[in-house]
Amino acid sequence: MSSDQSDPVKTICPYCGVGCGIQLSGAEEPADVQFMPWGDAPVNEGRVCIKGGAATEVVDHEDRLTDPQIKEDGEFREATWEEAYAYVVDELERIREEYGPDAVGFFGSSKTMNEENYLLQKLARRYGTNNVDNCTRMCHASTVWALRTSLGAGAMTNSMRDLREECDLFWIQGANPGEQHPIANSQYFRQAVLDGATVIQVDPHANKTTRSFKIDETDRHQHLQLNPGTDIPLLNIVLKTILEHHEDQPEDGWIDEEFVAERTEGFDHLKETLADFDEEAAAEECGVPLEEIELAAEKYATVDNAAIFTGMGMSQHACGVDNVQNEINLALITGNVGRPGTGVNPLRGQNNVQGTCDVGAMPNVLPGYQLVDDDAAREAVEDEWGFEIPAEPGLTNVEISHEFGESVKGLYVMGENPVMSEPDANRVAERIQDLEFVVVQDIFPTETAQYADVLLPATTWAERGGTVTNTDRRVQRMRGVGKVHENTKHDLEILSAVGSRLFDADEFEFDGPEEVFEELRRVCPIYHGMSYDRLGEEGLHWPCYQPGDEGDPYLYEEEFDTESGRGRIEGVSHQPPAETPDDEYPLILTTARLEEHYNTGTMSTRSPTLNRQTPENFVDVHPADAERYGIEDGDEVVLESRRGEITVEARVTEDIKEGVVWTTPHFAAASANRLTNDVLDERAKIPEYKAAAAEIAVTLEP
Ligand code: SF4
C-alpha cells in the first residue's frame with residue numbers, strides 16, 4: 001500500500017492477461033482514484049485498451065460490499081468481522097467433523113493475486129482436501145494439460161517481445177487477440193505483421209482479429225472459417241499435407257527431420273493415425289475448401305519461424321486436450337519450438353489466470369505444477385508447511401458443483417461467480433441451494449453471493465498490493481492506494497484470519513503479501529529465484545530457479561521439461577461435439593467474449609464507459625438463417641438449448657457461418673451459460689462451452 005496517497009502508484013491492469021502497467025493517480029482519498037498512463041510500463045509502454053482506461057471506474061461503485069453480512073431467515077444482516085469469522089470457522093469445522101474434509105470445495109480466483117491464491121490453496125490443503133480450483137478450469141485447463149504433458153510447462157512457450165521481433169507467421173486458432181488481448185495485438189503482433197509476418201486465422205467467427213489484420217483484403221493472410229468443433233480434422237489436413245509433401249520432396253524441409261529425430265518422440269504414432277485419413281471428407285466436415293487448408297499448411301511449413309496462438313476456441317471442448325495436442329504436433333514436426341518467434345502460445349484471459357495456476361490453486365498440482373500424487377514433491381512442500389497434504393488429486397470446480405448437496409456440503413468462494421460462469425448455469429443455481437454452507441468473499445454482490453450464508457467484503461485490485469503473472473509468464477507487482485471502505489479487508493487478511501482461527505496455528509499469520517511471496521518462492525521452484533526487490537518495475541518471466549536467474553522469454557532451447565526430455569507427438573482423431581444439430585435444435589451455438597466486457601460482468605457491466613459500448617447481450621445470426629426464420633436485424637429473439645433459453649437482440653451478419661449462432665456470457669439477464677453444455681473433457685475436465693445444439697425464434701412481443 002502506498003504510504004503517501006498523493007503519489008501515483010504503479011500497478012497492473014485488473015482485466016486481461018496481457019498485464020499492461022497503469023498508474024493510479026495521486027488522490028486525496030482512495031475513493032477518488034483515477035487512471036493515469038504509465039509511460040514506460042514494461043509490457044505496454046503507456047498504451048491501454050478501453051478496459052484498462054476504464055479500470056478505476058468501479059473501485060468506488062455504489063454496489064460495493066462494505067460490511068460483513070450473515071444470512072438469517074433468508075435475509076442478510078450486517079455482522080462484525082469477529083461474528084463472521086466465528087460462523088465460518090464453526091461451519092467449516094462442523095462439516096469436516098460430520099462428512100470429512102472433502103465435503104468442502106474451495107474456489108480461488110484468477111482476478112486475485114498470487115499471494116492470495118497461494119494462501120487459499122494452502123488453507124484448503126491444511127483443511128485436508130485438494131478440492132481447490134480456479135477459473136482456468138473454464139478457459140485453459142486443457143491447454144495446460146496438453147502443454148505440461150507434451151512439452152513440460154502449462155504456459156506460453158514464447159514471449160510477446162520475441163514474437164514481435166522474430167515471428168514470420170502467426171497461426172491463430174480459436175483465439176481472438178484483436179478483441180481479447182488488444183494491446184498484445186496492436187503493440188506486438190500487428191507490428192510483426194506490418195514488418196511482413198503472415199496471419200492464418202482459424203475461427204468460426206469473423207471478428208476484430210480478422211479486421212485488425214485486414215485478412216479479407218489480402219492474399220497473404222487467410223481466415224479458415226471452420227464449423228465449430230472441427231479443429232482436429234482441419235489440423236489433420238494440415239499435418240497430412242506436410243507429411244505427404246515431405247515424402248515427395250524432402251529437400252524442401254517441410255518437416256524438420258533433425259529436430260524430430262533428436263528432440264521428439266511419437267512421430268510414428270502421428271503417421272499411423274493419419275495413414276487412412278480422408279482429407280476431402282474432413283474438409284467437408286470443416287466447411288472449408290481443401291485447397292485453402294493446404295495453402296495454409298504450405299505457408300506454415302515454409303517460413304523460418306512460425307508461432308501458434310491458441311485460445312478458448314480450442315480449449316473449451318470435450319476434446320480440448322486433443323485439440324491443443326494437435327497444435328503441438330504441428331509445431332514439433334516442423335521444429336517450431338525452442339526458438340524466438342515460434343512455439344505454442346496460449347493467450348490467457350484474466351490478469352492472473354497464469355499465476356493462479358502457478359501457485360497451485362488446482363486440485364492436482366501444488367505450487368509450481370508439482371503433482372500432488374508425486375510423493376517426493378509433496379513431501380518437500382510438507383516439510384515447509386509443517387502439515388500433511390492429501391495425496392489424491394481433488395475435484396475440479398465443475399466436478400465440485402456437480403456434487404453440490406451430494407458429497408460436497410460446503411463451498412468457500414473467493415472472487416468467483418460460479419452461478420454465472422459455469423455451463424448449464426440454471427442447474428448450478430438450483431444445485432447450490434442444496435449446500436449446507438456457502439462463504440462468498442468478493443467486492444460486489446455477485447449472482448453467486450445471493451446463495452451465500454456469509455458475505456466477506458474484500459478490497460479491490462486498486463486498494464492493495466501483491467503480484468500477478470501475465471500471459472507470457474511475466475510476474476509483476478501490483479500496488480494499491482489504500483482502502484475505500486474502512487470495514488472491508490484485503491483477501492490476504494481474510495484468509496489469514498480464517499486460517500489462524502480454524503487451525504489455531506501461526507502458519508497463516510503473515511505480515512503482508514511480501515512475506516507470503518517469500519514462503520511461496522520456497523515451495524515453488526519456477527518462482528524460487530524471485531523476490532519483490534528483483535521484480536522491481538520490470539517483473540521477471542518464469543522460470544527463475546535460482547536467485548540471480550534472469551528468467552526465460554522463451555522455453556525449451558535445449559530440451560523439453562518432460563521425463564524423457566523430448567517433446568511428445570501424438571496423433572489424434574476427430575471427436576464431434578457432444579451435442580450436434582438435430583430436428584429439435586438444428587443450429588450450432590458457439591460463444592465468446594467482447595473487448596469491452598469481462599467474464600461474468602461483475603466489474604465491466606458496472607463500468608459506465610464499458611457498459612455504454614454494449615449494455616446488453618445479443619446473438620449473431622447468418623443472413624440465410626435469418627431469412628429462413630423470418631428474423632430482421634435488431635429483432636428480439638429467444639435463443640434456446642436443451643438447458644434453457646435467453647431473450648436477446650439478433651444481429652444479422654455474415655461474420656458467422658450459416659447454421660451457427662454466436663453469443664456472449666457477460667450479462668446476467670441473458671448469459672450464454674444458461675444454454676451451454678456442461679459435458680467435460682475427460683482428462684482436463686474443462687466444459688464444452690464452444691458447441692451446443694440450439695434453436696432460435698422471434699419473440700411474439702413487438
Ligand atoms: Fe488491460 Fe488487457 Fe487492455 Fe492491457 S490489453 S489494458 S491488460 S484489458
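Select Lys685 and you land in the loop between β27 (660-663) and β28 (692-698); strands here are DSSP runs of E with at least two residues, helices are runs of H or I with at least four, and both are numbered from the N terminus. Before moving on, note that this is a predicted model: local features need pLDDT of at least 70, side-chain atom pairs count only at pLDDT 80 or more, and totals for chains, interfaces and linings use all residues. Residues are numbered from 1 along each chain as its sequence is written.

Lys685 has a positive phi, near 60 degrees. Most residues other than glycine have a negative phi. Is Lys685 buried or exposed? It is buried, with 20 other C-beta atoms within 10 Å (20 or more means buried, 12 or fewer exposed, in between partly exposed, with C-beta atoms placed from the backbone).

Next, pick Asp504, in the loop between α22 (491-503) and α23 (513-523). Its phi is also positive, about 50 degrees, although Asp504 is not a glycine. Asp504 counts as exposed, with 8 C-beta neighbours inside 10 Å.

Now jump to Pro543, in the loop between β21 (540-541) and β22 (567-568). Show the backbone here: the peptide bond from Trp542 to Pro543 is cis, with omega near 10 degrees.

Last stop, the ligand. Select the 14 residues that surround it; the closest are Cys13, Cys16, Cys20, Cys49 and Gly52 (near means a C-beta atom, placed from the backbone, within 6 Å). Helices α1 (50-53) and α8 (182-194) each give two or more residues to this shell. Colour domain 1 (9-58) and domain 3 (141-346): both contribute to the shell, so the ligand lies between them. Those domain bounds come from an automatic or database domain assignment.
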